[in-house]
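This report walks through one protein model. Please look over the chain before reading on.

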Amino acid sequence: MNVSLAKDLSVYQLVMGVQMPPKPLSLSPATLLSLVRAQIDLLIEQQIVATLWVKLPPEKIWQSELARYQSSVGASSLIYTCQIDESGKGEDEGAGEAGEENTPLSSSSPSSSSFSNHVPVHLSPDSQMRRENFLMVLSPQFCSLILAHRPLKKRKNQTSGKVNTNKNQPLLIINTVEGRVIQQVLDGIEKAITPESSSIHADFICPTAPESALMNQLFAKQLLRQDEINRQIITVRTTKLHQQNQELQNKEQLKDEYLKNVCQELRTPLTHMKTALSLLNSPNLKPPQRQRYLQMLNTQCDQQNSLITGLLELVQLERNLEGTALESVRLSDIVPGVVSTYQPVAQEKGIMLAYTVPTELPSIWCVSGGLRQIVINLLHNSIKFTPNGGEVWVRARIQGDYVQLEFRDTGIGIAESEVSKIFDRFYRVRTAATEDYGGAGLGLTIVQQLLLRCGGSISVKSKLCEGSTFTVQLPSVSDTPKAIAIENE
């Protein structure tokens, strides 16, 4: 049997329409769940065969209560389940479902459609019941109504102009056993039922009030159920606080490790400078040795300056990057200028430096000034790690929704075991124990951070003594920037 309502109906309005209506309380969905469970507990314990009218959230945690009741009392009970037509789902679908907020339990019980003696009651898509949930129990021994109503609080979306509902509002909950209130609701439902649907409990009269013994038992069960849910909520919150505390501790450890690495990196050049200064004080120092120690001091001062400059750049970048807006920029406006700046350096080492950047490539998204810094850092590395007489190419092309920028060199290459480390702070490639190419070891870290902000990606292919290829993917202006995907191949 299917039942439909011929006109719109609000259970909340029916309740509030009686003389001296019960006062709604502003409560949480967890409290609503405890009330429903206590009610079902009482029906099962007393083996009360009742007719239930329900509109509960679709989640299994709620439907399990109905399944629990029917499995206990058998097929003699009858459940009328009010449900919104699926075709009527709109942007506020589920806005009135009382169980939307996180509840501390889960269940794997079947949905109400699998209950025996289950009668669906179809509601129109724009029914006022969309914002209501209720459980109404009808039996000669015991009648009750638990009703949750989410008030419609409209707020205008400044972007689209549409009116949205606030799903985080508390619920107005009514819990009553007054026969006059429940009868009003039952009569209102019967009047709204379509004529072709059979009459439902037309002769049922709600008792004025249940027996005091039943009420005492109900109150006790409500206290137990509320206490159970409160303990579960406390457990969930405690677990969450522990997780947050652990995350803070992990961040502190990372910060301590970072500061330790910074201090170690800054100390190394100072150690070399101190050594050079002590050697310069030797009375038997020959001019070539003096010149070598002075050169060591100069090199280590440059290294110290490079470290401090790189650290300041990285700190500034990480502090401001999140709030920095993206801009549209063309590779043909940036790459040629950077390449021409590095041509003298390449010529001094006898390196053939060339680029191919078609002018018809689309613009890309990047942080203001970020593209220039990405090209500088990657090109600088390619030239630095390429021996005299080598070659460096910079190429750009379209790759789907991205513009691909490739830096390929015939340099020293990177060992497979080191590829995953090259984006780490302060990591510097060394091909031999005595060989150090200098630098702060922060260039690739900065590139990674810039790509993270604009939704690009970077991948690396390299072989020792054969060279490396760094491939950067930058989102074109026609595409929305995506999250970064860093790949080491």
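Axes here are lines fitted to C-alpha atoms, for helices over the stretch in contact, and angles run from 0 to 180 degrees between N-to-C directions. The model is predicted: local features need pLDDT of at least 70, side-chain atom pairs count only at pLDDT 80 or more, and totals for chains, interfaces and linings use all residues. Residues are numbered from 1 along each chain as its sequence is written, and side-chain values use heavy atoms, with hydrogens and water left out.

## Overview

The protein has nine helices and 18 strands. Helices (H or I, at least four residues) and strands (E, at least two) are DSSP runs, numbered from the N terminus. Of its 489 residues, 45% count as buried. Buried means under 20% relative accessible area, exposed means over 50%, and partly exposed lies in between (1.4 Å probe, protein chains only). Contact means heavy atoms within 4.5 Å. Among contacts with a separation of 6 or more, 78% join residues 24 or more positions apart.

## Helix α8 and its two partners

Helix α8 covers residues 370–384, and α7 covers residues 331–348. These two helices pack at an angle of about 30 degrees, with their axes 10 Å apart. That makes α7 roughly parallel to α8. Angles under 35 degrees count as roughly parallel, over 145 as roughly antiparallel, 65 to 115 as roughly perpendicular and the rest as oblique.

The α7 and α8 crossing is right-handed. A crossing is left-handed if the near helix is turned anticlockwise from the far one by less than a right angle, and right-handed if clockwise. On the α7 side, the residues that meet α8 include L331, V335, V338 and Y342. On the α8 side, they include L371, R372, V375 and L379. The residues of this contact divide into 13 nonpolar, one polar and one charged. Ala, Val, Leu, Ile, Met, Phe, Trp, Tyr, Cys and Pro count as nonpolar, Asp, Glu, Lys and Arg as charged, and the others, Gly among them, as polar.

How does α8 pack with α9? Their angle is about 150 degrees, and their axes are 9 Å apart. That makes α8 roughly antiparallel to α9. Here the crossing is left-handed. From α8 come G370, Q373, I374, N377, L378 and N381. They meet G443, L444, I446, V447, L450 and L451 in α9.

## The largest nonpolar core

A nonpolar core is a set of buried Ala, Val, Leu, Ile, Met, Phe, Trp, Tyr and Cys residues joined through side-chain atoms within 4.5 Å. In soluble globular proteins, nonpolar side chains tend to be buried together. The largest core here holds 42 residues. L331, L371, L378, L379, L405 and F470 touch the most other members. The elements giving two or more residues to this core include α7, α8, α9 (443–454) and β17 (467–475). Helix α7 gives the largest share, seven residues.

Take L378 as an example. Leaving aside neighbours within four places in sequence, L378 is in contact with F407, L444, V447, I458, F470 and V472.

## Other buried sites

C82 sits in strand β4 (residues 78–84). With neighbours within four places in sequence left aside, C82 is in contact with W53, V54, K55, V121, L123, M129 and F134.

P57 lies in the loop between β3 and α3 (60–73). Its C-alpha atom is 7.2 Å from that of N133, 76 residues away along the chain.

Q183 belongs to helix α4 (residues 179–192). Beyond neighbours within four places in sequence, Q183 is in contact with F204, I205 and C206.

| Residue | Relative accessible area | Class |
|---|---|---|
| C82 | 6% | buried |
| P57 | 0% | buried |
| Q183 | 15% | buried |
| Q47 | 41% | partly exposed |
| M20 | 67% | exposed |

## Two positive phi values

Most residues other than glycine have a negative phi, and most peptide bonds are trans. M20 has a positive phi near 50 degrees and is not a glycine. M20 lies in the loop between α1 (11–16) and β2 (25–27). Q47, also not a glycine, has a positive phi of about 50 degrees. Q47 lies in the loop between α2 (29–45) and β3 (51–55).
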